[in-house]
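Let's take a walk through the aromatic side chains of this protein.

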Amino acid sequence: MNENLYALLQSRFPSNRSQPAIETAGGRIYTYAELEHVTASYAGFIRLLGVAPGDRVAVQVEKSAEALFLYLACLKAGAIYLPLNSAYQEGEIDYFIGDAEPKIFVHQPKSVVWATALCEKHGISHQFALPAEDENVQIGSGSRLWSKNALGAPPMLEIAHRDADDLAAILYTSGTTGRSKGAMITHKNLASNAITLHQVWGFQAGDVLLHALPIFHVHGLFVACHTALLTGSKMIFLAKFEARAAMAAMSRATVFMGVPTMYVRLLAEKDFTQESCRNVRLFISGSAPLLAETFQEFMARTGHTILERYGMTETGMITSNPLVGNRIAGTVGMPLPGVSVRVVDDDGKACLTDDIGHLQVLGDNVLPGYWRLPERNQEEFTPDGYFRTGDVGKIDAQGYVTIVGRSKDLVISGGYNVYPKEIELLIDEMSGVAESAVIGLPHADFGEAVAAVVVGSPANAELSEAGVIAALKGKLAAFKVPKRVFIVDELPRNAMGKVQKNELRKRYASTFSS
């Protein structure tokens with residue numbers, strides 16, 4: 001049996017392939033027949049370039065229908081898809097492609113100069129540019145347009161045979177050591193999670209998904225696209241989230257998936273009312289904690305109860321509030337069917353109901369490990385196979401899970417994961433800096449905003465907030481750059497000398513209060 005995820009998705013496409021699959025922001029409609037045709041041509045081109053099953057294809061582009069077809073083509077050809085945040089800078093991409101060693105790098109047109117240099121450095125013989133929808137570009141001799149070349153390739157009609165445990169994707173997630181880890185995601189991981197979510201969220205014929213998420217991470221690419229494709233549904237593809245554009249399209253949608261920031265921005269629109277979303281049957285939120293105030297205000301304004309769920313890059317979705325039943329503000333619902341969640345204390349012993357401890361998860365949705373990091377895999381999994389999420393939470397008597405903190409010091413800003421150590425390493429390298437601590441602070445729009453507390457060396461009186469921010473902008477994706485930098489004489493420490501970030505979070509908690 002072929003366990004290739006594409007075989008599963010294709011088996012659920014509508015029998016009438018003339019049905020719409022994607023409607024772009026520019027009004028272009030791709031049918032399922034076109035989706036299959038373009039995907040086959042792209043897959044054929046991938047094979048033509050010498051990419052064998054198990055080889056990697058790195059992609060850093062803006063959201064578009066063509067970008068989704070490229071992902072599906074990688075699945076069909078048996079290649080391992082490596083999506084990269086479109087905001088990542090040259091230094092970040094250098095590490096990713098050096099570690100993953102892709103055969104092909106597809107990038108944004110604006111990146112052609114440094115992408116060419118990186119491809120030469122890492123021995124990547126095939127690079128192409130993929131513009132965003134309606135982007136008019138002139139490509140130099142160092143690169144070529146992906147679609148122009150790939151659409152002329154002989155289509156790949158068969159689906160590459162893949163076993164359930166073969167890798168479908170590698171997603172890099174930053175680590176507390178400052179170096180990113182490549183989460184290895186299998187065809188089984190993706191298929192099991194997609195089928196489960198499709199069922200528990202009641203996807204049905206006639207559903208239309210308003211897709212306003214990026215497609216370089218789990219939420220937008222796997223959760224949203226897979227559940228829609230399994231029903232043969234139409235997706236309204238917004239290139240990026242803008243509240244007014246989302247409201248305009250919402251009357252034609254039945255399902256909306258978003259991060260908390262999106263719901264905050266919708267509520268900021270005075271004319272966003274129950275009438276605005278009269279045809280929507282389900283609003284889903286994830287990627288960051290949803291504030292209870294947002295949950296309550298959204299219910300009061302629209303009559304809809306947002307369904308909050310919880311997941312990770314390494315596991316896909318883990319829990320969900322119910323489609324039918326109580327959706328409780330502040331909780332992320334109950335473990336999904338086939339997923340086991342437990343809470344343990346520092347000694348690994350099971351916690352009692354409502355006791356706070358470390359969350360661990362087991363199931364077909366859980367990654368087998370990290371790319372080329374066997375030593376980390378031993379640390380991240382318990383002897384009986386549970387994955388240590390790094391999150392702290394509790395489970396109540398009804399089985400609802402509540403996340404109360406993150407033992408791995410992660411900051412989630414606007415739905416994006418930010419690991420402080422990565423930023424601290426760059427700040428500490430700056431002239432005049434003695435040490436630094438990066439934290440997340442409450443922010444009405446982003447949930448959390450990145451902030452840095454920096455200790456200057458006694459000899460440097462010129463260290464400034466603006467200078468630190470300016471130095472980081474060329475090295476980090478914009479969402480990682482601190483929105484505030486506080487220059488202090490020293491950092492608070494405990495008796496063991498460890499920086500007390502909880503004290504810093506308390507000290508600066510009101511920084512972004514209105």
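Two rings of Phe, Tyr or Trp count as a pair if their centres lie within 6.5 Å. With that cut-off in hand, look for a cluster in this predicted model: Phe 241, Phe 256, Tyr 263, Phe 272, Phe 283 and Phe 298 form one aromatic cluster.

Now for the wider picture. The structure holds 24 aromatic pairs. One of them joins Phe 13 and Tyr 32, with 5.0 Å from centre to centre and 50 degrees between the planes, a tilted arrangement. This pair links distant parts of the chain: Phe 13 belongs to the loop between helix 1 (5-11) and strand 1 (20-24), while Tyr 32 is in helix 2 (residues 32-48), 19 residues apart. Phe 13 counts as buried because its relative accessibility is 6%, and Tyr 32 is buried too, at 0%.

Because Tyr 42 lies in helix 2 and Trp 146 in helix 6 (residues 146-150), the pair ties together parts that are 104 residues apart in sequence. Tyr 42 is buried, with a relative accessible area of 1%, and Trp 146 counts as buried at 0% relative accessibility.

Finally, which rings have a lysine over them? Lys 63 lies over the face of Phe 237, at 4.6 Å from the ring centre. Over the ring of Tyr 370 you will find the charged end of Lys 181, 4.9 Å from the centre of that ring.

Terms used: Residues numbered from 1 in each chain as written. Predicted model: local features only at pLDDT ≥ 70, side-chain atom pairs only at ≥ 80, totals over all residues. Heavy atoms only, no water. Phe/Tyr/Trp six-rings, centres within 6.5 Å; stacked < 30°, edge-to-face > 60°. Helix = DSSP H or I, 4+ residues; strand = E, 2+ residues; numbered from the N terminus. Buried < 20%, exposed > 50% of the residue type's maximum accessible area, 1.4 Å probe, protein only. Lys NZ or Arg CZ within 6 Å of the ring centre and 35° of its normal.
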